[in-house]
Amino acid sequence: MTRLFSAVALVALASTVLAATPHAPIASAKRHALVSARAKATPRPRPRSKVAPADEYFGRLKLSVLGIRTNVKDYGLRVDRDVANGQAVLNNAVFVEDAMRDWARKYPFDNWLPRYAYALEGVYEEIPGESAHKRAIRQLNYIIAYFPQTNYAKISRLKIVGGIPTPNPANTPAFDGGLSRLAMIDGKVRPTPPPTPTPQPTATPDAMTMPLPQESPDARPSANPEASPIP
């Protein structure tokens, strides 16, 4: 009787194994289909855009691209209206420069960057004082280094060679409402090269005013013939 139960158990076990074996490939196919479906459902990361979106914020002040544009325009207007605002503008403009650097780190190929950087340099250039003068030179070197193939870099090189004049507080620039600077920021106009310094002709001495050479006393002939030695 015991052997009978053992035989029945073996037959049942064999049937279970035989029944499960044909379904193994089906289970594997289902698992593969499930993994493929999950992979398709998971979105692939897209390549980062080279243009900064309008709703992203940069720097310590968290300025958007449009916020940077507005600040550069407004700071230039404040200096145009009264150069006495120069130091206060300089203190605030460094934060705009910080936002631009952050923008450039995240979107280095954004074609708005060179003209924004050049417009900020124009603000520095109008502010009297040594600190603003150094900032202007630093900004020009930054444009040359990071955007070397642009027209803004070409103009910056010419400015560096020609020298950046220090503004005179007594000379107030013509107030145009900031339209020219705004057009520069928006890319409506391109920067123009600075005037080439005219070389000054070197003065040559006039032959009529040149002094005559003085003769040495020993080279003059003696006035008394008798004093001359006899050959």
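Glu-121 lies in helix α5, where helices (H or I, at least four residues) and strands (E, at least two) are DSSP runs numbered from the N terminus. In this predicted model, local features need pLDDT of at least 70 and side-chain atom pairs count only at pLDDT 80 or more, whereas totals for chains, interfaces and linings use all residues. Residues are numbered from 1 along each chain as its sequence is written, and side-chain values use heavy atoms, with hydrogens and water left out.

Because its relative accessibility is 0%, Glu-121 counts as buried; the term buried means under 20% relative accessible area, exposed means over 50%, and partly exposed covers what is in between, with a 1.4 Å probe and protein chains only. When its neighbours within four places in sequence are left aside, Glu-121 is in contact with Ala-136, Gln-139, Leu-140 and Lys-159, contact meaning heavy atoms within 4.5 Å.

## Helix α5 and its surroundings

Helix α5 has 14 residues and reaches 21 Å from its first C-alpha to its last, close to the 20 Å expected at 1.5 Å a residue, the expected span being 1.5 Å times one less than the number of residues. Eleven of these 14 residues are buried, so α5 is largely enclosed by the rest of the structure. Among the buried residues of α5 are Leu-113, Arg-115, Tyr-118, Glu-121 and Tyr-124, and the buried residues of this helix pack against α3 (65-81), α4, α6, α7 and α8 (179-185).

## How α5 meets α6

The axes of α5 and α6 are 8 Å apart and the two helices pack at an angle of about 160°, which makes α5 roughly antiparallel to α6. Here axes are lines fitted to C-alpha atoms, for helices over the stretch in contact, and angles run from 0 to 180 degrees between N-to-C directions; angles under 35 degrees count as roughly parallel, over 145 as roughly antiparallel, 65 to 115 as roughly perpendicular and the rest as oblique. The crossing of α5 and α6 is left-handed, a term used if the near helix is turned anticlockwise from the far one by less than a right angle, with right-handed used if clockwise.

On the α5 side, the contact is made by Ala-117, Tyr-118, Leu-120, Glu-121, Tyr-124 and Glu-125, and on the α6 side by Ala-132, Arg-135, Ala-136, Gln-139, Leu-140, Tyr-142 and Ile-143. The residues of this contact of α5 with α6 divide into nine nonpolar, one polar and three charged, where Ala, Val, Leu, Ile, Met, Phe, Trp, Tyr, Cys and Pro count as nonpolar, Asp, Glu, Lys and Arg as charged, and the others, Gly among them, as polar.

## Helix α6 and Ile-143

Helix α6 (residues 130-146) has 17 residues and reaches 24 Å from its first C-alpha to its last, close to the 24 Å expected at 1.5 Å a residue. Its buried residues are Ala-132, His-133, Ala-136, Gln-139, Leu-140, Tyr-142 and Ile-143, and the buried residues of α6 pack against α4, α5 and α7 (151-162).

Ile-143 lies in helix α6 and counts as buried because its relative accessibility is 0%. The C-alpha atoms of Ile-143 and Ala-153, which are ten residues apart along the chain, are separated by 5.6 Å. Leaving aside neighbours within four places in sequence, Ile-143 is in contact with Ala-117, Tyr-118, Pro-148, Tyr-152, Ala-153 and Ser-156.

## Helix α4 and its two partners

Helix α4 (residues 86-106) and helix α5 (residues 113-126) have axes that come within 11 Å and cross at roughly 165°, and α4 and α5 are therefore roughly antiparallel to each other. By class, the contact of α4 with α5 has 13 nonpolar, no polar and one charged residues.

Helices α3 and α4 pack at an angle of about 155°, with their axes 10 Å apart, and are therefore roughly antiparallel to each other. Their contact has twelve nonpolar, two polar and one charged residues.

## Lys-62 and the whole chain

Lys-62 lies in the loop between α2 (24-41) and α3, and has a positive phi of about 55° although it is not a glycine. Most residues other than glycine have a negative phi. Lys-62 is exposed, with a relative accessible area of 55%.

The protein as a whole has eight helices and zero strands, and 28% of its 231 residues count as buried. Of the contacts in the protein with a separation of 6 or more, 70% are accounted for by residues 24 or more positions apart.
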